[in-house]
Amino acid sequence: MDRFMQDAVRTNREAFEEETTVEVEAEHQHAAQLAWTRLRRFNCEPASQRRRDELDISIRCLRSKRSFYLPPVIQHREVLRAQGAQKPARKSKWNLMKSFFSTYDGEGGNRGLFEDPHTVEKQFSLDWHRVVRKSRFRKKIMKSDAEVRRGLQSVDDEIEEVRQILFENNRLLRQTFVYYSSFTPGYDSDSIFQMTLKPTIKFAQECRISDIKSRSITPVDLVSIFVCANHEEMEGTTEALNNSQQALVRFEFYEILVRLATAKYIYSGKMNDSSDAVSRLVEMCIAPHLPAVARHNPDDFRRNRLYTQQMDQLVVIHLPLLEAFFNIYKAKNKTKYFWVEHWLSFLKVNQMFGRYANINKQEAKLIFEWSQMLVVDELRKRQRAVSLQFLDFVEAIARLADCLSPPSDEELQAFFQKWGPPTTSTPIWEYYNRFASDDEEDDDDDDVNDDDVNYDVDDEMNKQPLNFNLEREDAPPLHINFAALMEILTGELRRAMGGKSEAETVQRMLRTAEFCSRKLRRA
């Protein structure tokens with residue numbers, strides 16, 4: 001009988017071994033989510049054979065992953081004449097392209113899970129086209145470049161040389177723009193991914209381009225250069241309507257770099273070639289003086305911390321909770337996108353501005369901006385260019401988890417030994433909240449005000465942002481902090497919505513989101 005039970009356990013490991021059960025359940029949930037995603041695409045998009053084949057494959061895969069009880073197969077004992085080394089059992093290797101992250105649809109133009117070089121070049125080409133079609137910019141090159149002015153070189157050839165210098169440093173310059181755009185006052189979709197005058201001055205001063213003692217670019221000159229670069233010639237178009245006259249978008253940031261290089265090196269008599277001046281500005285000013293956090297490449301976080309087997313399994317396990325958060329915070333607007341206003345509300349309601357993550361608004365902006373996959377057109381697709389899709393939102397949650405410092409197992413054990421055992425299924429949330437008074441909660445709510453969208457940026461500019469675990473070699477694995485954050489969010493959601501379990505709480509949240517959406521449709 002013992003041998004019979006041993007063979008039954010060996011044949012049905014998912015029924016007797018907890019670790020195997022978790023793996024099988026995660027694989028089944030992942031297959032179900034993938035099939036559900038493809039079914040929605042099949043129903044929403046025009047029917048095609050490719051979509052039909054994808055759906056059929058997902059359904060067959062889902063059926064094949066169902067667990068059935070198998071009768072034990074009693075194996076006869078074999079007598080080995082010589083003791084040999086046993087080969088370890090093969091484990092299926094985790095594949096990123098078969099994971100949950102592979103469901104990204106690339107609506108913004110990027111077709112991969114990382115920034116595609118072809119898409120990067122396409123984005124830069126569109127930005128540069130918008131720069132060179134401005135007549136004032138072409139006149140600036142014609143007047144400042146000595147060879148063009150003397151007729152030894154055409155203006156188009158010189159503009160192409162400038163383009164090549166900027167494209168070679170495109171990644172660094174895009175990261176620079178994203179970093180300094182996070183200092184723009186305001187916290188809404190009209191103030192994201194663009195630089196007002198104050199962040200532009202901060203950029204020029206920190207990168208040693210402009211200072212009070214400078215003879216080439218004074219603060220007054222910088223204001224004039226900002227106004228010239230921000231001038232829009234194509235008035236009345238969709239691009240002009242989506243381009244603020246008080247801030248620089250990405251293509252205008254490229255233009256102001258050329259104007260700054262001209263003012264700093266050509267007007268001062270140090271150089272007479274526009275492309276050489278731009279190259280020197282990047283090499284001598286921007287590259288050596290840019291803060292370390294401004295150099296962050298979002299793909300590094302995705303490659304080294306986000307796209308792992310442990311994170312894939314955790315995201316699939318908590319997928320209903322993540323979808324519920326994504327849907328309820330954007331339910332008050334008629335949009336399929338998750339805007340920065342929704343992100344702010346999510347952080348405020350769940351007390352991430354003090355109690356748990358201790359981040360400020362500028363750091364929250366950086367998390368939001370870093371999490372967005374590449375979008376080619378920043379003006380014609382403005383809503384997509386300033387928002388997150390669901391997988392972007394999942395990445396933002398993961399980056400938020402990187403800002404946590406959750407208690408270790410030893411600290412939790414010592415805490416509950418001293419103050420009594422936990423009374424909920426979320427001990428980490430209880431660790432932070434067991435002795436939190438109502439007054440403390442009111443103080444947390446006062447830290448961030450929904451109406452405070454035009455906050456004073458001076459204090460934020462003088463504060464260096466968090467490290468985000470970008471440079472730490474001893475940073476804990478992301479899935480540990482992510483699991484802790486999911487536990488905290490579950491506790492916060494249960495306190496707000498009620499429910500005995502995470503599943504019941506999520507259902508209440510989804511019903512609330514559906515109710516809000518129906519009210520909007522009727523309005």
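Rings of Phe, Tyr and Trp, the last represented by its six-membered ring, are taken to pair if their centres lie within 6.5 Å. In this predicted model, the structure holds 28 aromatic pairs, and one aromatic cluster is formed by F100, F101, F114, Y307, F325, F326, Y329, F338, W343, F346, F390 and F393.

A pair of aromatic rings is described by the distance of the centres and the angle of the planes. For F177 and F253 the centres are 5.6 Å apart and the planes stand at 45 degrees, so this pair is tilted. The two residues link distant parts of the chain, since F177 belongs to helix α9 (residues 170-181) and F253 to helix α13 (residues 250-266), 76 residues apart; both F177 and F253 are buried.

| Charged residue | Ring | Distance from ring centre |
|---|---|---|
| K264 | Y265 | 5.9 Å |
| R303 | F114 | 4.8 Å |

The ring of F114, over whose face R303 lies, is also a member of the aromatic cluster.

Helix α8 (residues 155-168) has 14 residues, which at 1.5 Å a residue should span 20 Å, and its end C-alpha atoms are 20 Å apart, in agreement with that expectation. Within α8, the residues V155, E158, I159, V162, R163, I165 and L166 are buried. Seen down the axis of α8, these buried residues fall within an arc of 160 degrees, so they line one face of the helix. The buried residues of α8 pack against α5 (117-132), α6 (135-144), α7 (146-149), α9, α13 and α14 (274-289), and among these partners α9 and α13 carry F177 and F253, respectively.

Key: Residues are numbered from 1 along each chain as its sequence is written. This is a predicted model: local features need pLDDT of at least 70, side-chain atom pairs count only at pLDDT 80 or more; totals for chains, interfaces and linings use all residues. Side-chain values use heavy atoms; hydrogens and water are left out. Rings of Phe, Tyr and Trp (its six-membered ring) pair if their centres lie within 6.5 Å; planes under 30 degrees apart count as stacked, over 60 as edge-to-face and the rest as tilted. Helices (H or I, at least four residues) and strands (E, at least two) are DSSP runs, numbered from the N terminus. Buried means under 20% relative accessible area, exposed over 50%, partly exposed in between (1.4 Å probe, protein chains only). A charge sits over a ring if NZ of Lys or CZ of Arg is within 6 Å of the ring centre and within 35 degrees of the ring normal. The expected span of a helix is 1.5 Å times one less than its number of residues. The arc is that of the directions from the helix axis to the C-beta atoms. Contact means heavy atoms within 4.5 Å.
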